[in-house]
Number of protein chains: 2
Amino acid sequence: MSGITIKLLAEKLNLSTATISKALGDSHEISDATKQRVLNLARELNYVPNAYAGSLRRNVSKTIAVLVPEVADSFFSLALNGIEEVALAKGYHTLIYLTHEKLEREQAILKALAGGRVDGAIMSVTAETNIYDHIQEFNRQLPVVFFDRVCEEIDTAKITTDDYQCGYNATQHLIEAGCRKIAILSIPNNNLSIICERIKGFKAALADNGLNAEDGDILYCPEEPGDSYNFIKEIMFSGNPPDGIVATVEKLTTDIYLVSQQLGINIPKQLKVVCFSNQASVNILTPSLTTITQPAFEMGKAAATVLLKSLRNNELIMKEESMVIPSILMARGSSVG
Amino acid sequence: MSGITIKLLAEKLNLSTATISKALGDSHEISDATKQRVLNLARELNYVPNAYAGSLRRNVSKTIAVLVPEVADSFFSLALNGIEEVALAKGYHTLIYLTHEKLEREQAILKALAGGRVDGAIMSVTAETNIYDHIQEFNRQLPVVFFDRVCEEIDTAKITTDDYQCGYNATQHLIEAGCRKIAILSIPNNNLSIICERIKGFKAALADNGLNAEDGDILYCPEEPGDSYNFIKEIMFSGNPPDGIVATVEKLTTDIYLVSQQLGINIPKQLKVVCFSNQASVNILTPSLTTITQPAFEMGKAAATVLLKSLRNNELIMKEESMVIPSILMARGSSVG
């Protein structure tokens, strides 16, 4: 791409982008004189027409798709609310698709959507997503904005939080609270950007405090919900259990608390816990749960704002719109005392 | 409608519904002999062709819409999983629309969908929905299945749980646990079928035990999340606070527990609580929360099964498919002791 957009041509000629678009498309609605002016400038600036302008001109469905792995997680439900708030204000419909952490579903959904049902997509990839052709293919035709779980391989806008710093801060907090054997808990076999960053932060905090991250301290829970309970129980029942846990997914909270109750492990005396969670109920747990609280609603709003901007400007590539919105560590009873 | 359907014609002639449909539509794919047989029987039985068969024949989007008020509620997120499991198995896409409890949004979404984007809809109405023209209008063209929050005014399939019995059982449980002044808490100004039924059950249980439901015992929390905390605080701070609460919405749990903590009210000694909730975290609250656990996943599966059946059979009216799937009262620490 030469960097010359329809928007730029419109600005230079003091015409609307719609007029430029129609002139380049040889529309009968535009006078020959105007067409000539537009074509002259386009040649002069070496304007390369977007091969997929046909798709973008179809930008009339006034609908955006949102692909999320699940909604039974307060981060995603809050982010959806943020996306919808912006979309609604601009007269856009939002279609929500659940991928259920399946790459196959993500592929099928994007393929179906490329048919023109929506004007663009906001997505958080599945834990299985380790190939990106389907996203690239979609993005050749329609704009994509990633939020939270991103693909570095795709050159578009990414709305994230400071996951590395979150992993670092959670670990540092536990070390300062007296922990010396900290484990980080995650969901199974995944390639997620966010989990990698949190683990990097975890390792860095340990290293900065002269502690070593052993392999055994980076733990991936098995797939089934019931299994994660048994998995955590085994860890806590082992000869050398952790004295601190960073849980990277909110749904692990229940199992950590249940195992502790069953084994008579006192939180926070024997085990300190920090969890990535946006649930209101963290305040009424006993003890209340220390959390990394992510700016879910704000991330959703930002993602929708960037996508709608790209639609207005008829642009597929928006990497300069990426942004990082920091999370907050909220210290509560599960890590203090 | 005469009650004679394409399905019935198909059964009587031992042909597929597709063949009947094509024969009635004078398709070139069907032999003249077969067309004659179909037309003869149709006349004999006084078959009235569905005026909207044109819409139903457009049943090719292989997409169903689901309208829910929100996803930050475990009932709806579990129900969505049930719907998607069935839809996926049958090769259907599911589009999720959030109404955010706004009638205006529900109207706009159904209007947009009637344009042909989907083959049918599964819906749980908003708390504001007190007129039904928009649903009737949609249902003239495309099939609708209600789940949980239904409209009695619309003559179609309704997948519900036994809300009256749930209200009754929750109240009876609190009375047996020793409560004598029980309040039922709900969300603001609503016309919801489910809440009406639960309140009816609440009143019946009180009456059966010789207790009166005073006006003040049926309480509607204000709209904003922060407000319900203050609302509950005022109730508990009053001269005559309840000794038992039936909370009809899971998100009220956090505020009830927080207020009790702040005012030093012991649950369950001074206040017993039963809440409609499907959250896993009810087990790790102190005390653990007694719940009415709804068959959310099963209700979602049933709703999708009925809708897909109606699409297969080209039928708009499916009231004979309505079903009631019972909920379960799970007694835990918040109401015992």
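A residue is called buried when its relative accessible area is under 20%, exposed when it is over 50%, and partly exposed in between, with a 1.4 Å probe and protein chains only. By this definition R105(B) is buried, as is E84(A). This is a predicted model, in which local features need pLDDT of at least 70 and side-chain atom pairs count only at pLDDT 80 or more, while totals for chains, interfaces and linings use all residues. Residues are numbered from 1 along each chain as its sequence is written, chains are lettered from A in the order in which they are written, and side-chain values use heavy atoms, without hydrogens and water.

**Relation of the two chains**

**Salt bridges**

- Over all chains, the whole structure holds 20 salt bridges (a side-chain nitrogen of Lys or Arg within 4 Å of a carboxyl oxygen of Asp or Glu).
- One of them pairs R105(B) with E84(A), with the closest N and O atoms 3.1 Å apart.
- This pair joins two chains, because R105(B) lies in helix α6 (residues 103-113) of chain B and E84(A) in helix α5 (residues 74-89) of chain A (helices are DSSP runs of H or I with at least four residues, strands are runs of E with at least two, and both are numbered from the N terminus).
- In chain A, E321(A) and K309(A) form a salt bridge of 2.6 Å, N to O.
- E321(A) is in the loop between α12 (296-312) and β11 (323-324) of chain A, twelve residues from K309(A) in helix α12.
- K309(A) counts as partly exposed, at 32% relative accessibility.
- In chain B, the closest N and O atoms of the salt bridge between E321(B) and K309(B) are 2.6 Å apart.
- K309(B), at 27% relative accessibility, is likewise partly exposed.

**Helix α3 of chain B**

- The buried residues of α3(B) are T34(B), K35(B), V38(B), L41(B) and A42(B).
- Viewed down the helix axis, these buried residues fall within an arc of 135°, so they line one face of α3(B) (the arc is that of the directions from the axis to the C-beta atoms).
- The face turned away from the buried side of α3(B) carries the exposed residues D32(B), A33(B), R43(B) and E44(B).
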